[in-house]
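Q: I have a model on screen and want to learn how to read it. Can we start with the aromatic rings?

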Amino acid sequence: MNDPSWRIVEDYDALSREAAAMFLGTVEENPRSVLLLPTGSTPEGMYRELVDAWRARRRSFRRVTTFNLDEYVGIPTSHRGSYRTYMQTRLFDHVDIEPARAHVPDGLATEIRREHPGIRLDRALELECDRYEKSIRDAGGIDVAFLGLGRNGHIGFNEPGSPFDSRTRVVRLHESTRRANAPWFEGERVPERAITAGIATILDAKSIVLMASGTAKADAIARLARGEVDPTFPASALLAHPRVLFLIDRDASSSTPALRD
Ligand code: GLP
C-alpha cells in the first residue's frame with residue numbers, strides 16, 4: 001500500500017486557506033485543469049477564499065473545467081437544497097468559470113428526458129450517469145479531486161458498502177446521511193436518492209485532497225488513520241491511491257493522537 005500524506009492544520013480557517021491554495025496552485029500550473037468538486041459545509045471556506053482571490057484579480061478560472069461529485073435525485077436544479085444551487089451561490093456565480101464547463105449531475109435528467117419523450121425517470125437517470133462519466137473522460141480525466149468526508153466514511157454519496165469499482169450511478173442515501181444533510185432542506189423532506197460519482201471515478205483522479213474539519217469527523221479520521229482498506233468504510237479506498245493528501249484540522253485529528261506531532 002502507498003503511504004498517504006497527512007497534513008494537520010490549526011483550525012477550519014487554516015484548512016480553507018490551504019485547500020484554496022492547492023486549488024489555485026493547480027490552476028496556475030495548468031489553467032485548463034479538470035477538477036472534481038465537493039459540497040457540504042467543509043468546502044464552504046475554500047470557496048470563499050477562491051471568490052476572494054478572483055475578486056482581487058489574483059486568478060482567473062476561465063479555462064478550468066469542473067465536475068461536481070454528486071446531486072440529489074428528484075429536485076429541480078433551482079431547489080435551495082440542490083448542489084447546483086450550492087455551487088452557483090458559493091462559487092460559479094461569483095467567478096469567471098465558463099458555465100458550459102461547470103458540470104453538476106442533473107437529478108431530474110432534464111435534458112435526457114427532453115431528448116427522449118416518454119422515457120422512464122429511472123432510465124433517464126441511468127443515461128445521465130453514463131453521460132457524466134463520458135463527459136469526464138472527454139474532458140481528459142480529473143486532475144485533482146477535492147473531497148469532503150461523511151461521518152460514516154462516505155465520499156461523494158458513496159455510502160458504506162459501495163463497490164470500489166463503482167462508477168457514476170444512482171444511490172439510495174442512508175438515514176444518517178439524510179439526517180446530517182437535513183439542515184440544507186430547512187424542514188422539507190431530504191431526497192432519498194442521489195447521483196454520485198463512483199469510487200472508481202474518484203480513484204481515477206491524478207491526485208486527491210480529502211478535507212475534514214471538526215470533532216464530528218474525529219472518529220472517521222481515526223478509522224482512516226488505522227489504514228485498513230475496507231468497503232464498509234468508503235474513504236479507505238483512497239488509501240490505495242498513489243497521490244492522496246488528507247488535509248484535516250486539529251479537531252478532526254482529536255481521536256488520533258498518532259497524527260498529532
Ligand atoms: C454530503 C456530501 C458529501 C460531503 C458530506 C460531508 O453528504 N454529499 O460530498 O463530503 O456531505 O459534509 P459536511 O462537509 O457538511 O460535513
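This is a predicted model: local features need pLDDT of at least 70, side-chain atom pairs count only at pLDDT 80 or more; totals for chains, interfaces and linings use all residues.

Q: Is Phe246 buried or exposed?

A: Read the relative accessible area. Phe246 has 0%, so it is buried. Trp6 has 24% and is partly exposed, because buried means under 20%.

Q: What kind of aromatic pair do Tyr86 and Trp184 form?

A: Check the angle between the planes. Here it is 65°, with 5.7 Å centre to centre, and the pair is edge-to-face. Tyr86 lies in helix H3 (residues 83-90), while Trp184 lies in the loop between helix H6 (175-180) and strand S8 (193-196), so parts 98 residues apart in sequence are tied together. Tyr86 is buried at 3% relative accessible area. Trp184 is partly exposed at 24%.

Q: Which residues do ring pairs link into a cluster?

A: Follow the pairs from ring to ring. Tyr47, Tyr72, Tyr83, Tyr86, Phe157, Trp184 and Phe185 are linked this way.

Q: Now strands. Which residues of S3 are buried?

A: Check each side in turn. On one side of strand S3 (residues 65-68), Thr65 and Phe67 are buried; on the other, Thr66 and Asn68 are. Both faces are covered.

Q: How many bridges join S3 to strand S2, and how many to strand S5?

A: Count the bridges for each pairing. S2 (residues 34-37) runs parallel to S3, with 4 bridges. The chain gets from S2 to S3 through helix H2 (residues 44-55), in a right-handed β-α-β crossover. S5 (residues 102-103) is also parallel to S3, with 2 bridges. Thr66 is the bridge partner of Leu35 and stands opposite Ala102 in S5.

Q: What about a helix? Which residues of H8 are buried?

A: In an α-helix, residues three or four places apart point the same way, because a turn takes 3.6 residues. In helix H8 (residues 218-225), Ala218, Ala220, Ile221, Ala222 and Leu224 are buried. Their cover includes strands S1 (5-9), S9 (207-212) and S10 (244-249). Just after H8, Gly227 has a positive phi of about 85°.

Q: And the whole protein: what radius of gyration does it have?

A: Compare the value with the globule rule. The protein has 18 Å, which agrees with the value near 18 Å for a compact globule of 261 residues. It has 8 helices and 10 strands, and 54% of its residues count as buried.

Terms used. Residues are numbered from 1 along each chain as its sequence is written. Side-chain values use heavy atoms; hydrogens and water are left out. Buried means under 20% relative accessible area, exposed over 50%, partly exposed in between (1.4 Å probe, protein chains only). Two strands pair if DSSP finds at least two bridges between them. A crossover is right-handed if, with the strands pointing away from the viewer, the path from the first strand over the helix to the second runs clockwise. The radius of gyration is taken over C-alpha atoms; the globule rule is 2.2 Å times the number of residues to the power 0.38. Contact means heavy atoms within 4.5 Å. Rings of Phe, Tyr and Trp (its six-membered ring) pair if their centres lie within 6.5 Å; planes under 30 degrees apart count as stacked, over 60 as edge-to-face and the rest as tilted.
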